[in-house]
Amino acid sequence: MIYISGSGASFAQVYESGEPTPWPSIEPTPTASRMAYLLKRHQWGGRMLDLGCGEGRHTLLFAKVGFFTVGLDCLATLLRTVAQRTQGRICLDFTR
């Protein structure tokens, strides 16, 4: 596993290289998926803040189960990527 430390510039270099990222970028983690399932099952909704949302895997997951989600990231490229993934089907707020 590769660990990236330092500023957002390190993340920008990884994403701009075009190489696969050393972390999952599309599928939510099992823990987040389980949490979303439980929240949906118990009909808990509300707002979700995803700090450092990256490509939005968790932001999209929680939006799909009924949360109003806000994704924050320092890289505009990633925010554009996640906005394209929604194709206008989900109302999200992404902020740089």
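Helices here are DSSP runs of H or I with at least four residues, strands are runs of E with at least two, and both are numbered from the N terminus. With that settled, let's start at a loop. Ser-25 sits in the loop between α1 (8–16) and α2.

A quick word on the source. This is a predicted model, where local features need pLDDT of at least 70 and side-chain atom pairs count only at pLDDT 80 or more, while totals for chains, interfaces and linings use all residues. Residues are numbered from 1 along each chain as its sequence is written, and side-chain values use heavy atoms, with hydrogens and water left out.

Back to Ser-25. Is Ser-25 buried or exposed? Ser-25 counts as buried because its relative accessibility is 18%. The cut-offs: buried is under 20% relative accessible area, exposed is over 50%, and partly exposed lies in between, with a 1.4 Å probe and protein chains only. Which residues does Ser-25 touch, leaving aside neighbours within four places in sequence? Glu-55, Arg-57 and Arg-85. Contact means heavy atoms within 4.5 Å. Ser-25 and His-58 are 33 residues apart in sequence, yet 9.6 Å apart in space, C-alpha to C-alpha.

Now the overall layout. The protein has four helices and three strands. From the N terminus, the order is α-α-β-α-β-α-β. Of its 96 residues, 34% count as buried. Take the contacts with a separation of 6 or more: 43% of them join residues 24 or more positions apart.

Next, the strands. β1 (residues 46–51) and β2 (residues 67–72) pair in the parallel sense, over six bridges. Pairing requires that DSSP finds at least two bridges between two strands. Gly-46 stands opposite Phe-67 in β2. Between β1 and β2 the chain passes through helix α3 (residues 57–64), and this β-α-β crossover is right-handed. That is, with the strands pointing away from the viewer, the path from the first strand over the helix to the second runs clockwise.

On to the core. A nonpolar core is a set of buried Ala, Val, Leu, Ile, Met, Phe, Trp, Tyr and Cys residues, joined through side-chain atoms within 4.5 Å. The largest one has seven residues: Ala-32, Ala-36, Leu-39, Leu-61, Phe-62, Val-65 and Phe-67. Which elements give two or more residues to this core? α2 (30–41) and α3. α2 gives the most, with three residues. Look at Leu-39. Not counting residues up to four places away in sequence, Leu-39 touches Trp-44, Phe-62 and Phe-67.

Cys-53 counts as buried because its relative accessibility is 7%. Cys-74 is in no disulfide either. Cys-74 counts as partly exposed, at 47% relative accessibility.

How values were computed: A disulfide is a pair of cysteine sulfur atoms within 2.5 Å.
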